[in-house]
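This report goes through pockets, a cavity, salt bridges and some backbone and surface details of one model. Please keep the sequence and the structure in view while reading.

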Amino acid sequence: MAGGQRVLGLVLAGGAGRQLGPLTADRAKSAVPFGGLYRVVDFALSNLVNGGVQRICVLTQYKSHSLNRHITTTWRLNTLLGSYVAPVPAQQWRGPHWQAGSADAIYQSLSLIDSDRPDLVIVVGADHVYRMDPRQMIEAHRAWGAGVTVAAIPVPRTAAMAFGVAETAADGHRICSFEEKPADPPGLPDSPDEAFASMGNYVFDRDVLVEALRKDAGDGHSRHSIGGDIVPALVREGAAHAYDFLQNKVSGADGRDQGYWREVGTIDSYFDAHMDLCAVHPVFNLYNDQWPILTSVPPQPPAKFVHEESDRVGRAFNSLVSNGVIVSGGLIRGSVLSPGVRVDSWARVERSVLLNNVRVGRRAVVADAILDKNVIVLEGAKVGLDKERDWARGFVVSSGGVTVVGKGQVVAP
């Protein structure tokens, strides 16, 4: 319940995440590990649960096995009190076709809404790193009498071309126009170099959502997208409003991470979000225990640093080191090490993200790189230093110069 109304949460987690390849070669985008201990989907789910929305369906589709397993083993709420987080794979309930878009994903699962009978439905994406109290957005939605409220954030106009962009009326919240990925985003009245970008989070009145989805399903010209079709239709009816994310106040947040929001759908944005965590004063603080990011932590022993012999010293600076890690005479700088990582003597890891059970051999060097699970870097090997050689060896190199080594590969000298 939120504000006395029954709220159902829907998390859209069916995206393939092709721009995150090879990290999404055998997992959904929202199941990609993040920040050492988490999956990307944990941020959206933590915001909902911390904010009192505790009946949640996660709509999945693409390579969803690891995502479904994570949700069923990690997100077990108190069913005695009617709380649940349930993965809902695409099941072709409304015909012999897979989900054709975000709106179609919900339309195919209308039975979830029918059976839960909520007053409001909050729809959120599953591939963003942020904190947000949904209760404040729900309160604004009710105060405005909106049919749909869109969470939005000011971004540079050059970046806004990748998002849905809202233009608001003089009251600052009623949306008078909404365009998905516009070539020339409209600037804000008080900041013409910024635009109001949709975050992919929405609050709907249930009846408004169901009626809009049914109309959209019968439109043969629709792309069946919430941002591309459903919201513009409700804008034309005068029922759409925008909620400014920068006004959202989260318990325990300070001035640095208030308003932090990162879409991690590309290799570079995923890497940059990790580097944000490594800063001495991070712009996103994982240590806020008043609004925790929830997950299950593997039962591994504490991290261990060994050897203290002149140039053979196990040490880490400005880094996140997870449980089960052993740094045995190696050097870690500005990196994130996930559970079970091993870094051997005289090895060096700088500005990198190492996922579970990576092994970095003696005198090896890893720099500006992402290594997926179970990668082995052999003794004396180097990865991330010579981008042309990385490319020639079959590794992905992003436009920002980040080398990505896929799951289980061996990096030779």
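The model is predicted, with local features reported at pLDDT of at least 70, side-chain atom pairs counted at pLDDT 80 or more, and totals for chains, interfaces and linings taken over all residues. Residues are numbered from 1 along each chain as its sequence is written, and side-chain values use heavy atoms, with hydrogens and water left out.

## Pockets and cavities

Rolling a probe the size of a water molecule over the atoms shows where empty space is left. Here the search runs on a 1 Å grid over the protein atoms alone: a cavity is a set of points where a 1.4 Å probe fits but cannot get out, a pocket is an open set with protein on both sides within 12 Å along at least five of seven lines, and lining residues have an atom within 4 Å of a point. Grid points are joined across faces, edges and corners, and a volume is the space filled by probe spheres set on the points. Helices (H or I, at least four residues) and strands (E, at least two) are DSSP runs numbered from the N terminus. In the residue classes, Ala, Val, Leu, Ile, Met, Phe, Trp, Tyr, Cys and Pro count as nonpolar, Asp, Glu, Lys and Arg as charged, and the others, Gly among them, as polar.

| Space | Volume | Lining by class |
|---|---|---|
| Largest pocket | about 1300 Å³ | 13 nonpolar, 19 polar, 7 charged |
| Second largest pocket | about 310 Å³ | 5 nonpolar, 8 polar, 3 charged |
| Largest cavity | about 80 Å³ | 5 nonpolar, 3 polar, 2 charged |

The largest pocket is lined by 39 residues, and K29, S102, D127, E180 and K181 lie nearest its centre. At least two lining residues come from each of strand 1 (7-13), helix 3 (102-107), strand 11 (194-205), helix 8 (226-236) and strand 13 (261-263). Strand 11 gives the most, with 4 residues.

The second largest pocket holds about 310 Å³ of space. Its lining has 16 residues, of which L37, R39, S296, N356 and K373 are the closest to the centre. Strand 3 (38-39) and helix 2 (65-74) each supply at least two lining residues, and helix 2 gives the most to this lining, with 4.

The whole structure has 4 cavities of 30 Å³ or more. Around the largest cavity are R131, F245, N248, V250, A253, D257, Q258, G259, Y260 and F284.

## Salt bridges

Side chains of opposite charge can pair when their charged atoms come close. The structure holds 20 salt bridges, each being a side-chain nitrogen of Lys or Arg within 4 Å of a carboxyl oxygen of Asp or Glu. Burial is given by relative accessible area: buried means under 20%, exposed over 50%, and partly exposed in between (1.4 Å probe, protein chains only).

R27 pairs with D372, with 3.1 Å between the closest N and O atoms. R27 lies in the loop between strand 1 and strand 2 and D372 in the loop between strand 25 (365-371) and strand 26 (376-377), so the bridge ties together parts that are 345 residues apart in sequence. Both R27 and D372 are buried.

K29 forms a salt bridge with D127, the closest N and O atoms being 2.7 Å apart. This pair also links distant parts of the chain, with K29 in the loop between strand 1 and strand 2 and D127 in the loop between strand 6 and strand 7 (128-130), 98 residues apart. K29 is buried at 17% relative accessible area, and D127 is buried at 13%.

In the salt bridge of R206 with D207, the closest N and O atoms are 3.2 Å apart. R206 is partly exposed at 28%, whereas D207 is exposed at 53%. Elsewhere, salt bridges that share partners join R6, R55 and D116 into one network.

## Backbone and surface

Most residues other than glycine have a negative phi, and most peptide bonds are trans. A cis peptide bond joins G21 and P22, with omega about 5°, and P22 is in the loop between strand 1 and strand 2 (33-34).

R117, which is not a glycine, has a positive phi of about 55°. R117 sits in the loop between helix 4 (110-116) and strand 6 (120-125) and is exposed at 56%. N318 is likewise not a glycine and has a positive phi of about 50°. N318 is in the loop between strand 17 (315-317) and strand 18 (320-321) and is partly exposed at 47%.

In helix 1 (residues 41-50), 9 of the 10 residues are buried. Helix 1 is followed by G52, with a positive phi near 90°.
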